[in-house]
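Here's a quick briefing to read with the model open beside you.

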Amino acid sequence: MLFFVLVFCGLVVLIMRNDYFSSDVIVMMLSYFSVALAIMFNNLWLKDFNINAYILGDILAVENFDVVLLGILALTVVAYSFFALKKILLINVNEDFAKIAGIKTEIWNFSFLIILASVIAFSIKVTGVLS
């Protein structure tokens, strides 16, 4: 799953470089495409694929490993927020000023996208796609 998170983030960063579409449109198009692709591949490869559990979430399907993984991910998000809050806020307020201040905006944007996509990807099993 981490491979797909990295591919998704890489596509978002590459497509966001052109100014033809806004970033919101790009993220939504890629996320809908990714969800449709995941449903199609899971339906082809898994014999007991339950689309209702995927779309709405299934709290009973959560295993101990998933809880530990989400806990580690939560600690990672807290640590990332503690160390990168000022840089991310400066990038979001004024990206040009952040570049002048010496912040490597592309690296911080990509790392933020990886954290965000990882949280979403690993919590889909619990909350579902529509939540």
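The buried residues of α2 pack against α1 and α3. "Buried" here is under 20% relative accessible area with a 1.4 Å probe and protein chains only, and contact is heavy atoms within 4.5 Å. This is a predicted model, so to speak of local features takes pLDDT of at least 70 and side-chain atom pairs need pLDDT 80 or more, while totals for chains, interfaces and linings use all residues. Numbering runs from 1 along each chain as its sequence is written, and side-chain values use heavy atoms, leaving out hydrogens and water.

**Helix α2**
- The buried residues of α2 are Ile 26, Leu 30 and Ile 39.
- Ile 26 touches Ile 15, Met 16 and Phe 21, leaving aside residues up to four places away in sequence.
- With 23 residues, α2 reaches 32 Å from first C-alpha to last, close to the 33 Å expected at 1.5 Å a residue (1.5 Å times one less than the number of residues).
- Helices are DSSP runs of H or I with at least four residues, numbered from the N terminus.

**Nonpolar core**
- Ile 26 and Leu 30 also belong to the largest nonpolar core, which has ten residues, including Val 5, Phe 8, Leu 113 and Ala 121.
- The largest share of this core, five residues, comes from α1.
- A core like this is a set of buried Ala, Val, Leu, Ile, Met, Phe, Trp, Tyr and Cys residues joined through side-chain atoms within 4.5 Å.

**Largest pocket**
- The largest pocket has a volume of about 1,600 Å³.
- Of its 49 lining residues, the closest to the centre are Ser 34, Ala 38, Tyr 54, Ala 121 and Ile 124.
- α2 gives the largest share of that lining, 13 residues.
- The lining splits into 37 nonpolar, eight polar and four charged residues.
- A pocket is an open set of points on a 1 Å grid over the protein atoms alone, where a 1.4 Å probe fits, with protein on both sides within 12 Å along at least five of seven lines; lining residues have an atom within 4 Å of a point.

**Second largest pocket**
- The second largest pocket has a volume of about 550 Å³.
- It is lined by 18 residues, with Met 16, Ile 91, Glu 95, Asn 109 and Leu 113 nearest its centre.
- α6 supplies the largest share of this lining, six residues.

Note on methods:
Grid points are joined across faces, edges and corners, and a volume is the space filled by probe spheres set on the points. Helices (H or I, at least four residues) and strands (E, at least two) are DSSP runs, numbered from the N terminus. Ala, Val, Leu, Ile, Met, Phe, Trp, Tyr, Cys and Pro count as nonpolar, Asp, Glu, Lys and Arg as charged, and the others, Gly among them, as polar. Buried means under 20% relative accessible area, exposed over 50%, partly exposed in between (1.4 Å probe, protein chains only).
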